[in-house]
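Try each task before you read its solution.

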Amino acid sequence: MTTNAPQDADRRLPDRLTLDRSALVVIDLQERFRDLIHGMDQVLERSQRLIGFCRQLEIPVLVTEQYPRGLGVTVSELREACRPFTAFEKNSFSCAGGKGFLEALRATKRNQVVLCGIETHVCVYQTARDLLRDGFQVALAADAVSSCRPADRELALQRLRHLGADIMGSQMIMFEMLREAGTPEFKRVSAFLKN
């Protein structure tokens with residue numbers, strides 16, 4: 001009797017993230033939340049690093065803002081990192097419900113989406129769930145997402161793992177996209193790869 005267990009296991013593995021199939025979505029990192037989100041300094045630093053990495057390698061970066069008239073605009077350091085800056089304004093918690101967002105994401109011709117931002121259990125969770133349902137491969141940069149309460153963040157990460165999202169660190173994401181050292185791409189982004 002033969003077994004196909006290794007082949008079956010391989011089929012369940014998501015594709016590795018690649019430079020030419022990935023896009024980054026930065027969710028609602030707005031001024032109003034700066035002092036409310038647990039570990040916000042790390043979330044901003046890791047998100048800024050991901051943005052710089054992606055822009056150096058011409059990976060699309062899409063930014064959203066939840067009701068900016070009431071909650072403020074994207075934090076200044078990320079606005080600077082994304083110059084020229086544009087953001088998709090939304091009232092829906094899921095980015096997929098924001099005007100023009102899905103159309104812009106589909107226009108990139110990318111089917112792997114890396115998410116960072118806030119809050120993990122609300123906007124990040126609902127966005128990831130909708131993108132998974134729409135056939136996108138979703139990876140969360142776990143060190144670049146958070147919520148006001150750490151328990152809410154952890155619950156959302158567990159649920160998204162169960163739904164099929166990849167839960168990875170930002171550095172892990174970057175190294176997976178690069179595949180190997182010594183390439184021109186690796187040299188262009190080496191500064192973003194440091195701890």
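**Exercise 1: Leucine 29 and the cores**

Leucine 29 has as its contacts (heavy atoms within 4.5 Å), once neighbours within four places in sequence are set aside, Met40, Val43, Leu44, Ser47, Val73, Thr74, Val75, Leu78, Gly117 and Ile118. This is a predicted model, where local features need pLDDT of at least 70, side-chain atom pairs count only at pLDDT 80 or more, and totals for chains, interfaces and linings use all residues. Residues are numbered from 1 along each chain as its sequence is written, and side-chain values use heavy atoms, with hydrogens and water left out.

Task: which residues touch the most other members of the largest nonpolar core?

Solution. Step one: recall that a nonpolar core is a set of buried (under 20% relative accessible area, 1.4 Å probe, protein chains only) Ala, Val, Leu, Ile, Met, Phe, Trp, Tyr and Cys residues joined through side-chain atoms within 4.5 Å. Step two: among the 33 members, pick out Leu24, Val26, Leu29, Met40, Leu50, Phe53 and Ile173. Step three: look at α2, which gives the largest share, 7 residues. A separate second core has 25 residues, including Ala23, Ala96, Val145 and Ala165.

**Exercise 2: The aromatic pair**

Task: find how the rings of phenylalanine 88 and phenylalanine 101 are arranged.

Solution. Step one: a search of the whole structure turns up 1 aromatic pair (centres within 6.5 Å; planes under 30 degrees apart are stacked, over 60 edge-to-face, the rest tilted). Step two: the centres sit 5.9 Å apart with the planes at 90°, so phenylalanine 88 and phenylalanine 101 are edge-to-face.

Definitions and conventions
Phe/Tyr/Trp six-rings, centres within 6.5 Å; stacked < 30°, edge-to-face > 60°. Buried < 20%, exposed > 50% of the residue type's maximum accessible area, 1.4 Å probe, protein only. Helix = DSSP H or I, 4+ residues; strand = E, 2+ residues; numbered from the N terminus.
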